[in-house]
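Thanks for coming. I have one structure to go through today, so let me put it on the screen.

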Amino acid sequence: MTWPEKRRLGGSAKEKKTLGEGLFRKCDGCDETLETDALAATFEVCPKCEHHHKLAPSRWRDLLLDDGKLEQWDANLVACDPLEFTDGKTYPQRLAAAQRNTGANDAIDTGLASIDGRPIAYGAFFFSFMGGSMGSVVGEKIARLFEGAKERRLPVVLLQASGGARMQEGILSLMQMAKAVAAQERHRGAGLPFLSVLLHPTTGGVAASFAFLGDVNIAEPRALIGFAGARVIETTIRQKLPEGFQRAEFLLEHGLVDRILARSQMRNEFSVLLSHLQAHTAREVG
Amino acid sequence: MASHVLPFEKPLAELLDRVAGLRAALGSDPSLRVELERLEAHAAVVARMLFSELTPWQKVQLSRHPKRPYTLDYIQHLISDFVELHGDRRFSEDAAIVAGLGRFGGRSVLVIGHQKGRAAKENVKRNFGMAQPEGYRKADRLYTIADRFQLPILSFVDTPGAYPGIGAEERGQSEAIGACLATLSRVGVPVITTIIGEGGSGGALALAVANRVHVLEYGTYAVISPEGCASILWKDGTKAPEAAERMRMTAPELLKLGVVDRIVCEPSGGAHRDAAATAALVGQAIEEALTELLPLSREELVNDRYARFRRLGTVRIAS
Ligand SMILES: [Zn+2]
C-alpha cells in the first residue's frame, strides 16, 4: 500500500479523541486490537482486513489534496430554523451540539484545492455532523461549489457520506436536491468533469440527486450506498435482504459505479482520471 | 358510499347521501324541491365548517383519499387527443407513472403523472403510484422528447414515494431519480407541476423541477411520510399526526416556504366530491401559468427554473 508522503500522523487531539480514548482500539471489521497510531498512519484502514473506518475531514484532505490544503469557500454559512422544528430538542439546539462536537458549521466543506498540481473544486461531506444530512447549508454550498468550478473551469471532486435529507428542514431539504443537481448540470453542460466519490454511507436524498451523476462514480470498499434504507425495504417487501445488499461491491456488479477504490489508491487514480478527462483542455492550452 | 369515508367527513357524507336520494326522488314528486334546496344549503354549510379547521393529519388523509381524482382523471377532463406512450426502452414499462402527448387548450403538450389504482387489482398494476427506476427512466426519456419538439410539460404529482425494493436498488433507483432532476433542470420548455395528492419525497421531485409548482388545497409535499418521520424521530409510526404538524407539509405552509407558487382551491367537501370541477380549477391555473411562460425563450425558461430552485432554502452568515 502506498500512502501520501506528506501525511501528518495522528491529526488533531480532537480527532484522536473521537477515535477512542486509549492507545489501542478494535477493528470494526476483524475485531483485531490495533494501535491507534498505526491505524492513523494507514488513514484508518485496518492493516489486517483492510476495513475502512471513518476518516475525519482533515485526514481526507491529507490523503487526497496537495499539502492537505483546502482553500475553503463559504465556511461561514450556517443553518436557520425555517420550520421552527422540534423533536424533544429544537433544531438550533441540535445544530449547536453538532457544531460543538465537530468544530464545523455544517455537514460539508467545499473549496479550492489541487491534486498533483492539478487545480480542482473539492467538497467533502462530514458524516459526523448530523449524519451528513443535506439541509439548506449543504445544498447551498454544493450549488456554489459547482457554480464556482464552472466559473473557474475546474473539475469537481465531491466526497459524499450522508444519510440523506435533513429532517429538521423538511421539504426545504428536498428542494436542495433540485438546487444542487441543477448547478451540477450546468457544470456538466460546460464540459467539465465531475468525480463522484461515494463513501460509507451514501443514501436517501444525496444518493438520489448528484451522487450517481458523476462522469466517473467511485465507491469505497464495502460502503453502504442506496436509495432506501434497509429497514424501509424490509418492511415493504416483508423479507430479509441478501448479504452484501447495497454495498459498494453490489453496486459495481449492477453497473452503478465505475470503480471501487481503496483509500490508498484514490489520490493516484483521481489524478490519472482527471488527466484523461482534461486531456482535451490541456491540448487546447498547449 | 359508506366505504372510503374518512371519520371527519361522515356528517357531510350522510347529508350528501340524503341529497342524492332526494334528487333521485324529485322526478316522481316535484314537491321535494324545497326540501332538497334546504338540505343542499345545509350540506354546504356543514362542508365549510368541517373543512375550515382541518388538522395537517386530516389533510394528509384527504391527499390520500381513495376517491381523489388521479392523473388519468385530469387527463380525461383537460387533455384532448391524448396518446399514451409507454416504456423506458431499457427494461420495462412502469404503470405507476403515466405519460403521453396531448392537447391542452389547443396546444400540444407532454403530460406526465403518477398514477394510483382504484381497486386492488389496479393498485397492483400501478404499485400504489410508487414507481420503479423504469418509471423515472420513461419520464426522463419523454422530458427529452418534449425538449426536442418544444412541447410544454404538464406534470401531476401523486405518490407516496419512489418504490423501495431490491430490484429498484439493483436497477439504480437513485440514478434514475437524479437523472430526472438533471434533465428537467435543462429542458427549454415551460414545466408546470400540479401536486394533486401526495407529494412524496424524491419520487415526487423527479416530476416537479418546474417553472411553476401548484398544489391543490389538500395536497401535501414532504421529504418523508409523516409515518416515516415519526418512526425515525420517536421510533413510533403511530405518532404520524404529530409529525404531520411539525413537517409543514400542507398547502398554506408550502406556499409560505416558497416551495409552491400557487394553491388551487378544491370544491366544497374536497376534490373527491367533484372531479370535473376540480379539474376545471386545476386547468385554469395551468392555463394562467402557461400564458405567463410561453413568451419566454428557451434560455429564459431554463434560467427561470434555475432561479426558482436556487433561492429555496435558508442560510445565514455565522456571526
Ligand atoms: Zn480489521
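This is a predicted model: local features need pLDDT of at least 70, side-chain atom pairs count only at pLDDT 80 or more; totals for chains, interfaces and linings use all residues.

Start with strand β5 of chain B, residues 191–200, which pairs in parallel with β6(B) through 4 bridges.

Let me step back to the whole of chain B. It has 14 helices and 9 strands. The radius of gyration is 21 Å against 20 Å from the globule rule for 319 residues, so chain B is as compact as a globular protein of that length. Along the principal axes, its C-alpha atoms fill a box of roughly 65 × 50 × 45 Å. Of the 319 residues, 49% are buried. Among contacts in chain B with a separation of 6 or more, 70% are between residues 24 or more positions apart.

Now the domains. Chain B is divided into domain 1, residues 7–52, and domain 2, residues 60–310. Their centres, taken over C-alpha atoms, are 34 Å apart. Chain A is also assigned a domain 1, residues 1–53, and a domain 2, residues 55–285. In chain A the separation of the two centres is 23 Å.

Next, the interface. In total, 50 residues of chain A are in contact with 45 residues of chain B. Which elements of chain A supply at least two residues each to that side? They are β4 (77–79), α5 (136–152), α6 (170–189), α7 (204–211) and α8 (230–237). The largest share comes from α6(A), with 14 residues. By residue class, the side of chain A that touches chain B divides into 32 nonpolar, 14 polar and 4 charged.

There is also strand pairing across the two chains. β4(A) is joined by 3 bridges to β9(B), residues 315–317, and the two strands run antiparallel. Within that pairing, L77(A) stands opposite I317(B).

The largest has 165 residues, and I171(A), A139(B), L181(B) and Y221(B) touch the most other members. Which element supplies the largest share of this core? Again α6(A), here with 10 residues.

Leaving out residues up to four places away in sequence, I171(A) touches Y221(B), A222(B), V223(B), R248(B), M249(B), L254(B), L257(B) and V259(B). There is also a second, separate core of 5 residues, including L12(B), A43(B), A47(B) and F51(B).

Last, some backbone details to check on the screen. In chain A, a cis peptide bond joins H200(A) and P201(A), with omega at about -15 degrees. P201(A) lies in strand β8 of chain A, residues 194–203.

In chain A, D116(A) has a phi of about 55 degrees. D116(A) is found in the loop between β5 (108–115) and β6 (118–125) of chain A. Is D116(A) exposed, partly exposed or buried? It has 13 C-beta neighbours inside 10 Å, so D116(A) counts as partly exposed.

In chain B, the residue is R89(B), with a positive phi of about 70 degrees. R89(B) lies in the loop between β1 (80–84) and β2 (97–104) of chain B. Because R89(B) has 10 C-beta neighbours inside 10 Å, this residue counts as exposed.

That is what I have. Please keep the view open if you want to go back to any of it.

Key: Residues are numbered from 1 along each chain as its sequence is written. Chains are lettered from A and ligands numbered from 1 in the order in which they are written. Domain bounds come from an automatic or database domain assignment. Two residues are in contact if their C-beta atoms, placed from the backbone, lie within 7 Å. Ala, Val, Leu, Ile, Met, Phe, Trp, Tyr, Cys and Pro count as nonpolar, Asp, Glu, Lys and Arg as charged, and the others, Gly among them, as polar. Two strands pair if DSSP finds at least two bridges between them. A residue is buried if 20 or more other C-beta atoms lie within 10 Å of its own, exposed if 12 or fewer, and partly exposed in between; C-beta atoms are placed from the backbone. The radius of gyration is taken over C-alpha atoms; the globule rule is 2.2 Å times the number of residues to the power 0.38. A nonpolar core is a set of buried Ala, Val, Leu, Ile, Met, Phe, Trp, Tyr and Cys residues joined through C-beta atoms within 7 Å.
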